[in-house]
Amino acid sequence: MKKILTMVPLLGGVALLASVGVSSAEGKYTIGISNTVQGNGWREEMVCAMKAQALASGEVAKLNIAHRNTDAAGQLEDIRNLISAKVDAIVVNPADPAGIKAGLEEATKAGIVVVAVDQAVTEPSAYIISNNQEQYAYLGAKWLFQQMGGKGEVFYMRGAAGASADSDRDKGFKKALAENPGVKVAQEVFTGWQQDQAKQQILSFLSTGTPFNGIWTSGIDNVIVDALVESQAPLVPIVGADNAGFVGQLSSVKGLVGAAVTNPGSIGGAGVTLALQILDGKKPAQQTVLVDPQLWDNATDEGKAKLKAAADPSLSPEWPVSISIPEWTTYTKEQIVACKGPGE
């Protein structure tokens, strides 16, 4: 069973298995965190939200953080290290559901609460709290294809191959594609959710001279706009996420037509909240909780108003402006920006 929530926006790498925090009078739990992508603003916000929520909760004495660039095999090793460290819960953003299933099962058997954030896992004992990735892609692609008049060529810029969020987004994208048979994919690439890689990919694509009428991105967006402007290429309609840089561009770049689909990195903080609820004996009725996205475009007055309200130039350009999730996060903006956990 799945519970659906509607998200309302409110306006440095960490060493592998770094222990953060010391025992306190209030804190009683040790939370393990496993993440496999560094150098990505969305993931950095996610980790900062985890730290901020752990601090704000008053229930966490220490965080054990495995935060590095690695694959499923590396993440499986990290999870087993967290199990050996006897953490009370593990909050994980999975690199690949099948590749880490054994580790999640081992954690559950060891009495450790497992919560997957951002992406689904296949281990049935794990709880999941995630942005609705299929709907994220469908909303954006449907809008984009409408802007294209239901025909033309789209440059399809995906995330990381094998990641369940990417697979779910692909389902949503192809659902919209099936509803618009006049739209064809000019080229499909995997950005790995890395800014430098994505910018090089769009520049390489532009150099081929292949005609295109729209760009769908899996949350790597502001550098794509930068590449089009720098190359003096046509500003075709673009879909991205609610990253601060892209949200700002949608109001400031002349001639740009685009839409931001919300995908809050603060889902990491929600994962910590869910783990603490379960540790406190308050298990949810559903194993999976999904946060539904919103679309803010600059082609309508309503969309422009939402973009203006959400814009936050004080944030890193790669950070989503949706820094909180009502009912799931309780930290302040200052706490998530400070990116400090218990004891730091």
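User: Taking contact to mean heavy atoms within 4.5 Å, how many residues of domain 1 are in contact with domain 2?
Analyst: Bearing in mind that this is a predicted model, 15 residues of domain 1 are in contact with 10 residues of domain 2.

User: And which residues make up domain 1 and domain 2?
Analyst: The domain assignment of the protein chain gives domain 1 as 29–131 + 265–292 + 326–338, while domain 2 is given as 133–261. Taken over C-alpha atoms, the centres of domain 1 and domain 2 are separated by 29 Å.

User: OK, on to helices. At roughly what angle do the axes of α1 and α9 cross?
Analyst: Helix α1, residues 41–57, and helix α9, residues 267–279, have axes that cross at roughly 40° and come within 6 Å. The angle and the distance between the axes are how two packed helices are described.

User: Is that crossing of α1 and α9 left-handed or right-handed?
Analyst: It is a right-handed crossing where α1 passes α9.

User: Which residues make the contact?
Analyst: On the α1 side they are W42, M46, A49, M50, Q53, A54 and S57, and these meet I267, G268, G269, V272, T273 and L276 of α9. Sorted by class, the contact of α1 with α9 has eight nonpolar residues and five polar ones, with no charged residues.

User: Switching topic: how many disulfides are there?
Analyst: The count comes to one disulfide, and this disulfide joins C48 to C339 with an S to S distance of 2.0 Å. The link of C48 and C339 is left-handed, with -90° about the S-S bond. The pair links distant parts of the chain, as C48 is in helix α1 and C339 is in the segment after α11 (333–338), 291 residues apart.

User: Are C48 and C339 buried or exposed?
Analyst: Both C48 and C339 are buried.

User: Let's look at Q135. Where is it found?
Analyst: Q135 is found in helix α4, which covers residues 133–147. Leaving out residues up to four places away in sequence, Q135 touches D292 and P293, and its C-alpha atom is separated by 27 Å from that of I278, which is 143 residues apart from it along the chain.

User: What does helix α4 do with α5?
Analyst: The axes of α4 and helix α5 (residues 164–179) come within 7 Å and cross at roughly 35°, and the crossing of α4 and α5 is right-handed. Residues in α4, including Y136, A137, Y138 and F145, meet residues in α5, among them D168, R169, G172 and F173. The contact of α4 with α5 divides into nine nonpolar, two polar and seven charged residues.

User: Last one: where does I112 lie, and is I112 buried or exposed?
Analyst: I112 lies in the loop between α3 (97–109) and β6 (113–117). With a relative accessible area of 6%, I112 counts as buried, because buried means under 20%.

User: Which residues does I112 touch?
Analyst: Not counting residues up to four places away in sequence, I112 touches I83, V87, D88, A89, I90 and A107. As for I112 and V321, they are 209 residues apart in sequence and, C-alpha to C-alpha, 32 Å apart in space.

Conventions. Residues numbered from 1 in each chain as written. Predicted model: local features only at pLDDT ≥ 70, side-chain atom pairs only at ≥ 80, totals over all residues. Heavy atoms only, no water. Axes fitted to C-alpha atoms, helices over the stretch in contact; angles between N-to-C directions. Helix = DSSP H or I, 4+ residues; strand = E, 2+ residues; numbered from the N terminus. Left-handed = near helix turned anticlockwise from the far one by under 90°. Contact = heavy atoms within 4.5 Å. Nonpolar A, V, L, I, M, F, W, Y, C, P; charged D, E, K, R; others polar. Disulfide = S-S within 2.5 Å. Buried < 20%, exposed > 50% of the residue type's maximum accessible area, 1.4 Å probe, protein only. Domains from an automatic or database assignment.
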